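Here's a quick briefing for anyone meeting this structure for the first time.

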Amino acid sequence: MGALLEVEHLTTEFVTRGGVVRAVDGVSWDVREGETVALVGESGCGKSVSALSVMRLVAAPAGRIVAGRVRFKGRDLRALSDEEMRRIRGREIAMIFQEPMTSLNPVLSIGRQLTEGLEIHLGMTPGEARRRAAELLAMVGIPDAERRLRQYPHQFSGGMRQRMMIAMALACNPSLILADEPTTALDVTIQAQILELMKALSRRLGVAMLIITHNLGVVARYADRVNVMYAGRIVERGTARELYANPRHPYTLGLLRSVPRLDEPRRARLDPIEGQPPDLTRLPAGCAFAARCAFRVERCARDRPGLVGVGAGDHVSACWETERLDRALATR
Amino acid sequence: MTGGRPLLEVRNLVKYFHISGGLFGGREGVVRAVDDVSFAIHRGETLGLVGESGCGKTTTGRCILQLERPTHGQILFEGRDLATLGREELRAVRRRLQVIFQDPYSSLNPRMTVGQIVAEPLAVHRIVPDPVKREARVQELLGHVGLLPQHARRYPHQLSGGQRQRVGIARALAMEPALIVCDEPVSALDVSIQAQIINLLEDLQREFGLTYLFVAHDLSVVRHISDRVAVMYLGKLVELADRKALYDDPLHPYTRALLSAVPIPDPELESRREHIVLGGEVPSPLNPPAGCVFHPRCPIAIDRCRAAVPELREIRPGHWAACILA
């Protein structure tokens, strides 16, 4: 399968009172046709800004893409005119956000919000758009579509609103959906419903997905490939199976070890990652994770490690001490 | 831990909220937030209280803290019914019932330094009236929660999320509490920080003999920290058991669905696991279903479930479930 979206050396900065923050620092990743890729990391690691940069939705003048290329189906998105970019958004690449209420218009009916895109992007007549909207609601599991189309967002529950966002995202048959923490605001049983729905629809319609999340369990259940981000950089990438079975970066290993798991015997004590995430305005010259890392050596503070191949299936990690990490894992 | 008089007993707790029509003449009604809930917490134990939003777990905690007045039922602390206490007695009891909130940022005064925030209850409740000794006590408390002396001069916005939660814990600890209601204490924190705070709560429990009511929706975290676990759904307690029994052998279909919905960070295992995905959504507590409140979403419901409200029964010693099929 060919690459649908290729991000190369993307760098996005924000001007803040504390100084310039490089939220995304030279990251490269891609999404192939029909697959589900995850960007995983904690708050401030740059995962959401990466997606916003792809869509060219980083708020100027504070935020700015300063370098890199974003190629979608071979076209350089950064070189497109605003008008051309608008046609890409919604029609070819759709986005789903964490809190649907903030991305739905509270004074427009559900029906109008669904038909608007169909009329603008696909040139449908109001009648055609209305029929398609009803179809979309049924597809995402909202029963009684005719009545629901006349309602407003506040009359929908959180789970229903997220279904509605998925319907809007699917409206113009996009080839890629960027989902930013799509289920974080939802309850556990509703989260399970929404994720199952997204998985089923992406399979059926062949839509590729980028899932942005901090939840390692969600990634394990739904992603084919995973990029782990820390302080604006990708520190490890691999297929989900390879990365979870054989983590090759101390941060990934730390994350996996710090969460209690229902499938394992209860541990007497959790293994946290010590310390705090770094201040992005004062990043060290070397590895940003060094200060919290159990495997750090002198070199880590000085030299920044690049991503290098560490195993099967394009598994890469940015760590000087990968081999020592391996030995530690083997003796666990 | 069992045996002897429990530290806290909740008996048939009911909390209804009345909704008026309001300016625009909306729907009037009664929200049954907590509907006949009973449990006990023993000295030194952690009782986990889990459920999804709107299940009544937070309201239950607020009733225990006397932040809400129960509609019916009793809350007994060290055997005394809190509703019968006079103002002064209640004040003394409330000191020993503390709370840690989900979002420390909204519960810390942004204009006060960390030192002032922790010192305030010590002064107001005359726990340490002498200012010099108070200063020393603040330093000691900051040490207990893993903060440094210089943090006392900082303001909440200068701290990270994990450090702010440590301040919230120090403030609760200042009152020398017996019971702490931990209301989603780690759910707003980053994954790498959650484990730090959970370890801290466990260390403090051992050191100071604390008792916790741990209210949360994350079932993996609750399993780690709790001795016993109570599961709520739509204002009702549906299951209550020892940690091991509840997680290894859940008896209520809602508990089973909840456990199955938690994704496990292992792709290999996830691909083999069977998932129970519940249909529908939690009904409105304004108009809960008749019979068992879970029956509209229950995968094993039978006719009888629509008619009769199932009682919380002790199915095995110490393992309670409110399901006629359990």
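**Rings, charges and a serine**

B:Tyr233 and B:Phe294 are both buried. Keep in mind that this is a predicted model.

**The ring pair in chain B**
- The ring centres of B:Tyr233 and B:Phe294 sit 5.1 Å apart with planes at 85°, so this pair is edge-to-face.
- B:Tyr233 belongs to strand β9 (residues 228-233) of chain B, while B:Phe294 is in the loop between α11 (267-272) and α12 (303-307), so the pair ties together parts 61 residues apart in sequence.

**Ring pairs in chain A**
- Over all chains, the count of aromatic pairs comes to six.
- A:Tyr251 and A:Phe289 make an edge-to-face pair, because their planes are at 65°, over the 60 degrees needed, and their ring centres are 5.3 Å apart.
- Here too, distant parts of the chain get linked: A:Tyr251 is in helix α11 (residues 250-258) and A:Phe289 in the loop between α11 and α12 (298-302), 38 residues apart.
- A:Tyr251 counts as buried at 0% relative accessibility, and A:Phe289 is buried at 4%.
- Ring pairs also join A:Tyr230, A:Tyr251 and A:Phe289 into a cluster.

**Charges over rings**
- A:Arg148 lies over the face of A:Phe156, 4.8 Å from the ring centre.
- A:Arg299 lies over the face of A:Trp320, at 3.5 Å from the ring centre.

**A buried serine**
- You'll find A:Ser175 in the loop between α7 (158-170) and β7 (176-180) of chain A.
- A:Ser175 has 18% relative accessibility, so it counts as buried.
- Beyond its neighbours within four places in sequence, A:Ser175 has contacts including A:Leu4, A:Phe72 and A:Val207.

How values were computed. Residues are numbered from 1 along each chain as its sequence is written. Chains are lettered from A and ligands numbered from 1 in the order in which they are written. This is a predicted model: local features need pLDDT of at least 70, side-chain atom pairs count only at pLDDT 80 or more; totals for chains, interfaces and linings use all residues. Side-chain values use heavy atoms; hydrogens and water are left out. Helices (H or I, at least four residues) and strands (E, at least two) are DSSP runs, numbered from the N terminus. Buried means under 20% relative accessible area, exposed over 50%, partly exposed in between (1.4 Å probe, protein chains only). Contact means heavy atoms within 4.5 Å. Rings of Phe, Tyr and Trp (its six-membered ring) pair if their centres lie within 6.5 Å; planes under 30 degrees apart count as stacked, over 60 as edge-to-face and the rest as tilted. A charge sits over a ring if NZ of Lys or CZ of Arg is within 6 Å of the ring centre and within 35 degrees of the ring normal.
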